[in-house]
Amino acid sequence: MSEPTLVIVPGWRDSGPGHWQSLWAERVAGAVRVVQDDWHTPKRNAWVSRLAEVIDAAPGPVVIAAHSLGCITTVHLPPRSAARIQGALLVAPADPERRGVLADFAPAPYQALPYRSILVASDNDPYCPVRLAGAYARAWRSEFVRVPAAGHINVESGHGEWPLGQALLQSLGVTAPRPAPAVVA
């Protein structure tokens, strides 16, 4: 059986250079990164439709690696697209009710996901209180990984390569990203 396609789902304003999602997109064979038409004023229907298109175009099952608003986009998927998901790594979910620009994604769905999921959150994420992340995990029946003092689990909080994320990704059936090429001085 072939390995699932890794679908990388960035959040609001995309994931720039050095972000673990960008590194994984470069280093995981066959990975597909979702590219939205409007990264700054996201609309739920457009974002969910684009993600569904990417999933539907994959040759077999997919594993999702979502960050921030990408997590909320993922849980809004219609059942036919969600049925193609083998597993999801949902990292530092956004709270669409706290930021006006994300309000179109509110309320976040509160039902069990039809696939294995791991939700990773930090106790000091400025974009989503850890109690809300825990409530998402319970509602979605996700495994909950609470990471102390990890901020928004992005470049700004020191998460580039992010080895813990790579291990969690591997537990969902995707080969870990290839190591960065050695720099010769």
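What volume does the largest pocket have? The largest pocket has a volume of about 420 Å³, where a pocket is an open set of points on a 1 Å grid over the protein atoms alone, with a 1.4 Å probe fitting at each point and protein on both sides within 12 Å along at least five of seven lines, and where the volume is the space filled by probe spheres set on the points. Of the 22 residues that line the largest pocket, His 67, Tyr 127, His 152, Asn 154 and Glu 156 are the closest to its centre; lining residues have an atom within 4 Å of a point.

This is a predicted model, in which local features need pLDDT of at least 70 and side-chain atom pairs count only at pLDDT 80 or more, whereas totals for chains, interfaces and linings use all residues. Residues are numbered from 1 along each chain as its sequence is written, and side-chain values use heavy atoms, with hydrogens and water left out.

Strand β1 (strands are DSSP runs of E, at least two residues) has 5 of its 5 residues buried, meaning under 20% relative accessible area with a 1.4 Å probe and protein chains only. Thr 5, Val 7 and Val 9 point one way from β1, while Leu 6 and Ile 8 point the other way. Parallel to β1 runs β3, joined to it by 5 bridges, with Val 9 opposite Ala 66; strands pair if DSSP finds at least two bridges between them. In β2, Val 32 is the bridge partner of Val 7.

Technical notes:
Buried < 20%, exposed > 50% of the residue type's maximum accessible area, 1.4 Å probe, protein only. Helix = DSSP H or I, 4+ residues; strand = E, 2+ residues; numbered from the N terminus.
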